[in-house]
Amino acid sequence: MTTGKYPMQWDLEVFYEGGSTSNAFANELSGIEKDVAELDRLLSETSADSGSKVVETTAIIQSVLIRLSQSYSFVECLQAQNMKDSAATGLSDRVKTVNAKLLGALTRYDNELRQIGDDEWAKLIGTEQLAEVAFNLNERRELAKEKLAPELEALVGDLAVDGYHGWGALYDLIVSRAKFTDIGENGEEKVLSAGQMFNRLQDGDRSVRVRAFAEWEREWGDAAELCADALNRLAGFRLKLYDKRGWESVLKEPLQINRMTEATFNAMWSAINEGKPKLVRYLERKAKLLGLEKLDWHDISAPLGSSARTVSFDEGAQFIVEQFRKFSPHMADFSEMAFRDGWIEAEDRAGKRPGGFCTSFPKSRQTRIFMTYSGTSDNVSTLAHELGHAYHQYVMDDLPALSQEYAMNVAETASTFAELIVSDSAMKTAADPEEKLGLLEDKIQNAVAFFMNIHARVLFETRFYEERKKGIVPVEKLNSLMAEAQREAYSGALGEVHPHFWASKLHFYITNVPFYNFPYTFGYLFSAGIYARAQQEGPAFAERYVQLLRDTGRMTVEELAQKHLGVNLEEADFWRDAVELTTKDIDLFLELTE
């Protein structure tokens, strides 16, 4: 489908012609399987020259990682564009099986690294072949010391394919079968997918939102027992594995994955809680503007003023490119290429999964963006957000595979930075007061999402895991935990909450990244600090920003912030300043709506 200048469906054929029945993709998987088997063979052999062995196996691993990442992305895109593509589901199982075999080999590889003496290791990672990935290899070596014996970790990975990851796949099936009934203006009933129905929750007409939310809660309530079973089994697997490794905190793994300390995590949330009273004032004012005593869950993102207008895909694309160009011509040219060359799946149609994402095809040095575009201002923000992800990968495409493995929190930094460029520029240039108010409110909505919505997820998951240690957590308890977390995170500013949010949110069921929530908040605030620096330094900062992005896969976040911004993330000062930057908009909002 094309609406004028830009296509609204992505091009996957350029990677592997034939979709889920592609012979080229089958050959790709066969090649990866062959290389993983060769890697496994090399790691099973004893060698007098451990250094040469590490160099050889590292080269194979990096080649496999590039192709396997591309394979994961291809299958993810196939499943997202058509949730009933059973052939794609079969391919997903095969990719996960290959990945499990690779993880088993990597466990033995990490053990090889661990067994090399410190002096020999220091010399080895300084060699020409390994110097570029020294940070990543050191990271793997240290983490290996905290895990089970290699053969046990390999067994865990094998069993996880049909166990742990299987529960995540079950949730995807539940979502694909979810059906929502929408009543149009003429009274006709229409069956919508989860992605389409989600957009109804942000409609400018409150009566539409009320009906949509009731239907949303009904459908997820009907699916709640199945969702609860999947969630409980996922958590049970993690808790048992953590126990066997001797890990006491459920935050240990997500913090390791995000290369951040618990001190940074705590400093961030402390600063956010200090800034919440101002957000409450915004929510109270918005309720008043909507003629309500308190906002209900479906009112939080309700548009105000001109923000309710429909924006065509072409118009949204052009707007984004124009704003990016003010910061960086390089970033703008990249985004225009992504729109022009079919890197974005945006068509509003049935059968697609809900939500949005950006995924990389590193072998082809491309990315793909998925969303359902219906013309809301939130859709434009999502588009800018995902283009930020895509640009991040674009500037790292020439780095070694291991150095491209940046964590989710810094990935969210790039995406949120892109959103800030678009929203701030739009608001500053808006001539019409009503339009300015709508754009300003869109910006504040981000702060509400990252400071309150995400906080509710963190509170819920943390408390859910404590309950899960005692046994299976039933639907009723999950609902009460979620309602309690939402009321606390929103500081009591909400009327009706969303008790089945735990069932409707995919993020709770993602098996590759536990606690798929707080990295969004980190990225939002970290990007605010970066944006402030960009405003201070002007056009010269664009190149420094690229260098920061290129370092995201080879530093901890604390090291990254110190090198490129000169700040200490383990202290609350940086986070307080970032929170203040994001909530200054509320003062203007309160002034404009007095």
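User: How many residues does helix 13 have, and what end-to-end reach goes with them?

Analyst: This is a predicted model. Helix 13 covers residues 313-327, a run of 15 residues. At 1.5 Å a residue, 21 Å is expected. The reach from first C-alpha to last is close to that, at 22 Å.

User: Which residues of helix 13 are buried?

Analyst: Buried means under 20% relative accessible area. In helix 13, the residues in that class are Phe 313, Asp 314, Gly 316, Ala 317, Ile 320, Val 321, Gln 323, Phe 324 and Phe 327.

User: Is Ser 312 buried or partly exposed?

Analyst: Ser 312 sits in the loop between helix 12 and helix 13. Its relative accessible area is 39%.

User: How far apart in space are Ser 312 and Thr 376?

Analyst: Along the sequence, 64 residues separate Ser 312 from Thr 376. In space, C-alpha to C-alpha, the separation is 8.8 Å.

User: Are helix 12 and helix 20 roughly parallel or roughly perpendicular?

Analyst: The axes of helix 12 (residues 262-289) and helix 20 lie 11 Å apart. The angle between the two helices is about 70°. Angles from 65 to 115 degrees count as roughly perpendicular, so helix 12 is, relative to helix 20, roughly perpendicular.

User: Which residues of helix 20 meet helix 12, and how many residues in the contact are charged?

Analyst: From helix 12 come Thr 264, Phe 265, Met 268, Trp 269 and Ile 272. They meet Phe 518, Thr 521, Phe 522 and Leu 525 of helix 20. By class, the contact has seven nonpolar residues, two polar and no charged ones.

User: Which phenylalanines does Trp 502 touch, leaving out residues up to four places away in sequence?

Analyst: Trp 502 touches Ala 224, Cys 227, Ala 228 and Leu 231, among others. Its contacts also include Val 475, Leu 478, Asn 479, Met 482 and Tyr 509.

User: Is Ala 540 buried or exposed?

Analyst: Ala 540 belongs to the loop between helix 20 (518-537) and helix 21 (541-550). Its relative accessible area is 56%. The cut-off is over 50%, so Ala 540 is exposed.

Key: Residues numbered from 1 in each chain as written. Predicted model: local features only at pLDDT ≥ 70, side-chain atom pairs only at ≥ 80, totals over all residues. Heavy atoms only, no water. Helix = DSSP H or I, 4+ residues; strand = E, 2+ residues; numbered from the N terminus. Buried < 20%, exposed > 50% of the residue type's maximum accessible area, 1.4 Å probe, protein only. Axes fitted to C-alpha atoms, helices over the stretch in contact; angles between N-to-C directions. Parallel < 35°, antiparallel > 145°, perpendicular 65-115°, else oblique. Contact = heavy atoms within 4.5 Å. Nonpolar A, V, L, I, M, F, W, Y, C, P; charged D, E, K, R; others polar. Expected span 1.5 Å × (residues − 1).
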